[in-house]
Amino acid sequence: MNRLIASLVVALATTTAAIAQEYPTKPITMLVPFAAGGPTDTVARLTAEAMSKTLGQNILVENLPGAGGTIAAGRAAESAPDGYTILVHHIGMSTAPTLYRQLRFDPVTAFAPIGLVTEAPMTIVARPDFEASTLAELIQTIKADSEAITYANAGIGAASHLCGMLFMSTVGAQMTTVPYKGNGPIMTDLMGSQIDMTCDQATNTAGALREKQIKGYAVTAAERQAAIPELPTTAEAGLPNFELSVWHGVYAPAGTPDAVLAKLTASLQAAVEDEAMGKRLNDIATLPATKDQATPAALKERLSSEIARWKPLIEAAGQFAD
Ligand code: MLT
């Protein structure tokens, strides 16, 4: 290497290090892969608010729904790796590589994981005037004429899609699926009785269940949830082994400088311990990650193990997207 090139390399490395030290000097965009008003949006807005306290900059939430979350994830993967675009995504990040035959990014290599942020069970819910009062009655009604019942989901790879896929194969009946851009709009239509039922994260349903704006049949967890204590577990309601928990994580594009990632991780760790965020999550049956889970290593390990766990289940269901 001649002297000029060597000094240019040193100058570039020094500038990059200095930029990372000063980070962040302007607002950060947090991409959300589903519509506003849904569970991922709620997790993202609470996280953005808490993280902006320690980063000293606003985090602007941008909803980019479509294709089960893969549009926003694709955009994040292609963004400049400078820490000014980050992504909040859920379990769908681990199902996308099996579900989507033409996925334009690899969730493992295209991102620098920052950490896990929340985990929540799902709830099997219906419009407020749906005739069935228990899960057994709901299943009976579905089996009697499954095509007449509309099931809303937020696209292939959404948690509502995965839960619906497992539910329909467990009860042995295919309902009429209605795709939406997120569970925010689904909840509006469910409360207005425009659709019959869905399976949605407790994050989005706990308040509506307490207010009796929708009907609840079961929570997909081993234990009842303190925020919605009247809702039986799936096992109690007659569906043993039907458990599903939705985790959310925060990602930056691969190639983001280590010093920037360290600042984002420290800020995420402070967020999951933030009292206001914890209280709000507690009210909606959603668990914040622990400090140890809000780390790149924990998210990396969760993502890989979930990719392996979902692959055979999705292949057995045989439902893929292009
Ligand atoms: C949303 O925010 O709309 C959800 O996370 C969608 C889903 O995965 O069902």
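This is a predicted model: local features need pLDDT of at least 70, side-chain atom pairs count only at pLDDT 80 or more; totals for chains, interfaces and linings use all residues.
Residues are numbered from 1 along each chain as its sequence is written. Local features need pLDDT of at least 70 and side-chain atom pairs count only at pLDDT 80 or more, while totals for chains, interfaces and linings use all residues; side-chain values use heavy atoms, with hydrogens and water left out.

**Helix α10**

Select residues 275–283, which form helix α10 (helices are DSSP runs of H or I of at least four residues, strands runs of E of at least two, numbered from the N terminus). Highlight Met277, Gly278 and Leu281, which are buried (under 20% relative accessible area with a 1.4 Å probe, protein chains only; exposed means over 50%). Viewed down the axis of α10, the buried residues lie within an arc of 100 degrees, so they line one face of the helix (the arc is taken from the directions from the helix axis to the C-beta atoms).

Next, show α2 (39–55), β4 (111–126), α9 (258–272) and β10 (287–288), which are among the elements covering these buried residues. On the face turned away from the buried side, select the exposed residues Glu275, Ala276, Lys279 and Asn282.

At the N-terminal end, Asp274 caps α10, with a side-chain oxygen 3.2 Å from the backbone nitrogen of Ala276. Just after the helix, Ala285 has a positive phi of about 50 degrees.

**The ligand**

An oxygen atom of the ligand lies 2.6 Å from an N or O atom in the side chain of Ser160. For Gln201, a polar side-chain atom is 3.0 Å from a ligand oxygen.

How values were computed:
Contact means heavy atoms within 4.5 Å. A polar contact is a pair of N or O atoms within 3.5 Å; within protein, one must be able to donate a hydrogen and the other to accept it, and residues adjacent in sequence count only if both atoms are side-chain atoms.
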